[in-house]
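I opened my notebook to keep track of what I looked up in this structure.

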Amino acid sequence: METPMTTTVDKIETLRKCLFLVGLKEHVLSELAARAETLRVASGETIITRGEHGSTMYFIISGRARVHDGEVTWAHINKGEVFGEMAVLDSEVRSATVTTESDSLLLSIGRDVFFDALASDPDAFKAVLRAVLQREREIVHEIKNRSTKLLSYQKEMEIGRRIQADFLPGSIPVIDNWEVAAWFEAAREVAGDFYDIFRLKTSPHVAIVIGDVCDKGVGAALFMTLFRSLIRASSLYGYTDPTLVESTLAETGSQNTGGAPADVLLNSILTTNRYIATTHAGSSMFASVFFGLLNPENGELIYVNAGHEAPMIFRKNGETEILDITGGVMGLFPAASFTIKSVSLNEGDLIFTYTDGVNEAKNLDGEQFGDERILETAAPEGNNTETFLKIMLDGVRNFRGEAEQSDDITMLALKYLPSIQSN
Amino acid sequence: MATLNIMVGQEQGSVPVTVLRVEGDIDAATHSTLQEKAFELIDAGSSNLLLDLGGVNYMGSAGFRALHAITNKLSDDDSAGLSKSSHLKLLNPTDAVARVIKTLGFDVYLDIYQDKNEAINSF
């Protein structure tokens, strides 16, 4: 900062035009101008700093400054406007930081000078009070505007949340000899997680889908609706491209479990992947997806695990199996291949699928819940699937403690009920 | 704020390979640094990139999205038939990053090497 020459007339002119001093008599303005100092300030210099004590107010003769807190800019101050006056009036610390945005010429007036000048005219305080109140009215008006906008955004998000809920199954199909439970808890209004369970039209198979779109918030939610809808539509009403399916079966050495269900599964995965990887290539959005087709009559499950957390099978005899990935995440590489694998569930077995909101739940120390704790917490024996999920959820919540839920939690469990033995 | 340091080197295998040694966490705050650097190199003529991840202890989904964006930019013409990138490869990921790569199955889409010379000669 340096002190340039400015005439008293220029100074009076600047002060007279400032709304903060409207109504002050000429002799008060003259006294203020006579004792004010002129400062030349380069662009990018910080004049006052939030939280610090200060007893000087500044009027901009020329140039421009911004009121901010770090990177967040609250307002811009232009020629003829004042800043720093609040701390002068109430002796509190500075409420914001002010930094010049161009080379500027400022007029600075200290607290003592200001009050001395005002004391020379009984009406001066009224004028300043009026200016302060005027400012307060403007601020109240601004807050009202922002609150209204915020409310309308919140309303939009709530509509989004309700519409998105419609992209999850409204009810879970009743399957003879099977017990099914699901849990879905979004970390924010809208989620990137999804699950689905529905019967195929062409066979007794039941589709079990769980997925997690990368990222969070509105972007993830939009892609969640896309992945879920494409998988469901291509499974239920899909056109099967025999050449696409057969070449992939040959290429990956997939176990062709024979006939329609394997074709449906592979066609659905390939079509969904190809569509998103081609149509939305520029978004680089992907999802990890586990998609299984269960024959509820004999417990045979064929599946593709596209980069998703490995589902766990808790056998009746106490053993655990995990269904590792059979391909990468979906939505990125148009010609990606996915392998079909199969596994048999027996009476009394339980299959548990989940998203990373479970294994990556963090406590305040930043530790993750992890696969080990999932295995320790799992209580498949003697519990129905709903209780199984409840125990898992309690385990995650207790582990998390006071830490915030940072990701969506989705869980799906199916149990093959032991048939009742009759003599 | 977290920063990402990227050191760039040129190596010659059967073809020229640009090696990016990355240090720091690749997350929502830093992935754009990696993507912008890679784009800048591609625009300047690099057509084979090797990402040395030895100094990366964390890579989140934003990092994987950046890898995909780089892959796409490297193979503009044949991206419709893309199942694996032949122009972007990974070197020496730390255990933590290797675990995430495996969980997401990204090793299906990108080749991963432990040895730098082997990686450079693979292009």
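**Entry 1**

I am working with a predicted model. I began with A:Ser284, which is buried because 23 other C-beta atoms lie within 10 Å, and 20 or more is the cut-off for that word. A:Ser284 is found in the loop between helix H8 (260–279) and strand S12 (287–295) of chain A. I also looked up its phi, which is near 50 degrees, a positive value in a residue other than glycine.

Then I turned to A:Ser91, whose phi is near 60 degrees, again positive without being a glycine. Its place is in the loop between helix H3 (85–90) and strand S7 (97–100) of chain A.

**Entry 1: the layout of chain A**

Next I checked how chain A is divided, and noted domain 1 (8–142) and domain 2 (167–416). The centres of these two domains of chain A, taken over C-alpha atoms, are separated by 62 Å.

I also looked for nonpolar cores. The largest has 101 residues, and A:Phe227, A:Leu265, A:Ala287 and A:Phe291 have the most contacts inside it. I followed A:Phe227 and, leaving out residues up to four places away in sequence, listed its contacts: A:Phe194, A:Gly211, A:Val213, A:Thr272, A:Ala287 and A:Val289. A second, separate core has 31 residues, including A:Ile48, A:Val88, A:Val98 and A:Phe114.

**Entry 2: helix H1 of chain B**

I moved on to chain B and tested the length of helix H1 (residues 31–43). At 1.5 Å a residue, its 13 residues should span 18 Å, and the end C-alpha atoms are 18 Å apart, so the two agree.

Which residues of H1(B) are buried? I wrote down B:His31, B:Leu34, B:Gln35 and B:Ala38. Looking down the axis of H1(B), I saw that these buried residues fall within an arc of 95 degrees, so they line one face of the helix. On the other side of H1(B), B:Glu36, B:Glu40 and B:Asp43 are exposed. The cover over the buried residues of H1(B) includes strand S1 (5–12), strand S2 (16–23), strand S3 (49–55) and H2 of chain B. Just after H1(B), I noted that B:Gly45 takes a positive phi of about 120 degrees.

**Entry 3: helix H2 of chain B**

I gave H2(B) the same length test: its 14 residues should span 20 Å at 1.5 Å a residue, and the end C-alpha atoms are 20 Å apart, which agrees.

How many of the 14 residues of H2(B) are buried? I counted 10, so I called this helix mostly covered. Among the buried ones are B:Phe64, B:Arg65, B:Leu67, B:His68 and B:Ile70. What covers the buried residues of H2(B) includes H1, S3, strand S4 (88–91) and H3 of chain B.

**Entry 4: where the chains meet**

Last, I looked at the contact between the chains: 17 residues of chain B are in contact with 18 residues of chain A. On the side of chain B that touches chain A, helix H2 (61–74) and helix H3 (95–104) each supply at least two residues. H2(B) gives the most, with 6 residues. I sorted the residues on this side of chain B into 8 nonpolar, 8 polar and 1 charged.

Conventions: Residues numbered from 1 in each chain as written. Chains lettered and ligands numbered in written order. Predicted model: local features only at pLDDT ≥ 70, side-chain atom pairs only at ≥ 80, totals over all residues. Contact = placed C-beta atoms within 7 Å. Helix = DSSP H or I, 4+ residues; strand = E, 2+ residues; numbered from the N terminus. Nonpolar A, V, L, I, M, F, W, Y, C, P; charged D, E, K, R; others polar. Buried ≥ 20, exposed ≤ 12 C-beta atoms within 10 Å, placed from the backbone. Expected span 1.5 Å × (residues − 1). Arc of directions from axis to C-beta. Domains from an automatic or database assignment. Core = buried A, V, L, I, M, F, W, Y, C linked by C-beta atoms within 7 Å.
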